[in-house]
Amino acid sequence: MSKLEDALENLDLDDLPEGEESMLEWWDFDDPAEMVAAVAGDIQFIIESALDARGDALLALPAGDDAMPVLEALAEKPIKWKYVTIIPTHDLLVPLDDPRSQVKKLAGLFLTRGARVLPLAPEHEDYHMAGAAADARLRDTKWPPDLVLLGMGADGSTAGIVESADMEEALDGPPEKIAAGLLPDDGDTPLVTITKAAICEARTVVVLLKGADSQTMLESEIEQGATSMAPIGRIFADLAVPVDIYVEN
């Protein structure tokens, strides 16, 4: 049985403070392979629990370098993939055949298993229009997601929410808005991301970190809460769902 299964089975909701339904767990690993296996196993448990409860599962996954070992291990799991829908947590506004395309990487892993993989970033030159189109597209899925998997950049960015003139819209826009377009301040490629509101609607959130410095930073941002300057701190300030944070030391 995985650590997440143990935690969920031993959780007594009556022991939680009144009005408090969140659960934050930290898992530290010295062996990267052990961590990959643990995270992939726990995501499998989340998927199978969703399939048992509702007959389908919706996942929002990043396809960056840090997440790929977990996704590759997950893709090998004997899951009823035809009932699983996967979207990127964020994606650049690039053609689908561009090697930077997040949905291309996800499709390469999961389409062959029978999963449904949906693009997040429609082909619009205007990133605002792309964000609006993605928002409408996600509403056609069986929202909310059963899992949002997050990483964290050195600047506290996550799910593609980075410093930009549009960052506040992604973090504190209308609560019904679940996708937004951003143009990073560094002038990099425009992108579309799911919003803070969308992440906070997820049934479960899993975070992947590398190194003690990342853990220290996230602990600090969580402590700062709504006053945090980092996107991930602002997100954690409003999270009220089970959160598991895996740290590779």
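The side chain of aspartate 146 makes a polar contact with the side chain of arginine 54, at 2.3 Å. A polar contact here is a pair of N or O atoms within 3.5 Å; within protein, one must be able to donate a hydrogen and the other to accept it, and residues adjacent in sequence count only if both atoms are side-chain atoms. The side chain of arginine 203 also makes a polar contact with that of aspartate 146, at 3.0 Å. The model is a predicted one, in which local features need pLDDT of at least 70 and side-chain atom pairs count only at pLDDT 80 or more, while totals for chains, interfaces and linings use all residues. Residues are numbered from 1 along each chain as its sequence is written, and side-chain values use heavy atoms, with hydrogens and water left out.

Where does aspartate 146 lie? It sits in the loop between helix 5 (127–138) and strand 6 (147–150); helices (H or I, at least four residues) and strands (E, at least two) are DSSP runs, numbered from the N terminus. Aspartate 146 is buried, with a relative accessible area of 4% (buried means under 20%, with a 1.4 Å probe and protein chains only). Leaving aside neighbours within four places in sequence, the residues in contact with aspartate 146 (heavy atoms within 4.5 Å) include Ile46, Ala50, Asp56 and Leu58.

Turning to the sheets, 7 strands pair in parallel to form an open sheet, in the order 1-10-9-6-2-3-5. Two strands pair if DSSP finds at least two bridges between them. Strand 1 (23–29) and strand 5 (116–117) stand at the edges with a single partner strand each, so one side of each has no neighbour in the sheet. Strand 5 is joined to strand 3 (residues 84–88) by 2 bridges, and valine 117 in strand 5 is the bridge partner of isoleucine 86.

Another open sheet has 3 strands in the order 4-8-7, with antiparallel pairing. Its edge strands are strand 4 (90–92) and strand 7 (179–182). Strand 7 and strand 8 (residues 191–194) share 4 bridges, and glycine 181 has valine 192 in strand 8 as its bridge partner.

As for helix packing, helix 3 (residues 68–75) and helix 4 (residues 102–110) meet at an angle of about 30°, with axes 9 Å apart. Axes are lines fitted to C-alpha atoms, for helices over the stretch in contact, and angles run from 0 to 180 degrees between N-to-C directions. The two helices, helix 3 and helix 4, are therefore roughly parallel (angles under 35 degrees).

Key. Buried means under 20% relative accessible area, exposed over 50%, partly exposed in between (1.4 Å probe, protein chains only). Angles under 35 degrees count as roughly parallel, over 145 as roughly antiparallel, 65 to 115 as roughly perpendicular and the rest as oblique.
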